[in-house]
Amino acid sequence: MEACSLVTKDEVEVALESVNEGTSAPANVPTVCNFTTVADPDKNVSVVLYSPGGGTMLPMMMPQGSVDVPGLGDQAKWYGMGRIIGVLKGDTLVTFQFPKFTEDDSATMDRAKQLATAAAARL
């Protein structure tokens with residue numbers, strides 16, 4: 001499974017804004033995918049896939065202060081300070097990180113939940 005296969009460009013655009021096709025980053029690393037916005041190439045969402053080993057990675061990726069997000073996978077958490085959501089299904093973890101999003105935390109969390117819902121259905 002590749003990170004870029006977990007969400008489509010159309011799904012990312014519905015949650016965010018106009019984006020370029022997802023690209024593996026660094027080049028040819030299938031477990032990392034970046035979608036950059038057309039308007040600002042520095043603004044992106046990163047999709048990272050941990051499989052196997054997702055169960056071990058979830059607590060490391062979601063430190064103290066993260067909140068549970070019910071209804072996604074076997075377990076999901078949002079860490080607002082890092083603007084990252086993680087969804088665990090079995091021993092596979094997918095994370096979405098929004099490093100350059102400066103909007104209200106709840107708005108970014110809503111975007112994150114849209115993408116996480118799409119990805120969880122493909123895990």
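This is a predicted model: local features need pLDDT of at least 70, side-chain atom pairs count only at pLDDT 80 or more; totals for chains, interfaces and linings use all residues.
Local features here require pLDDT of at least 70 and side-chain atom pairs pLDDT 80 or more, while totals for chains, interfaces and linings use all residues. Residues are numbered from 1 along each chain as its sequence is written, and side-chain values use heavy atoms, without hydrogens and water.

Q: What makes the contact between Arg122 and Glu11 a salt bridge?
A: A salt bridge is a side-chain nitrogen of Lys or Arg within 4 Å of a carboxyl oxygen of Asp or Glu. The N to O distance between Arg122 and Glu11 is 2.9 Å, so the pair qualifies. This pair joins distant parts of the chain, 111 residues apart: Glu11 lies in helix α1 (residues 9-15) and Arg122 in the segment after α3 (105-120). Helices are DSSP runs of H or I with at least four residues, and strands are runs of E with at least two, numbered from the N terminus.

Q: Why is Arg122 called partly exposed?
A: Buried means under 20% relative accessible area, exposed over 50%, and partly exposed in between (1.4 Å probe, protein chains only). Arg122 has a relative accessible area of 34%, so the residue is partly exposed. Glu11, at 25%, is likewise partly exposed.
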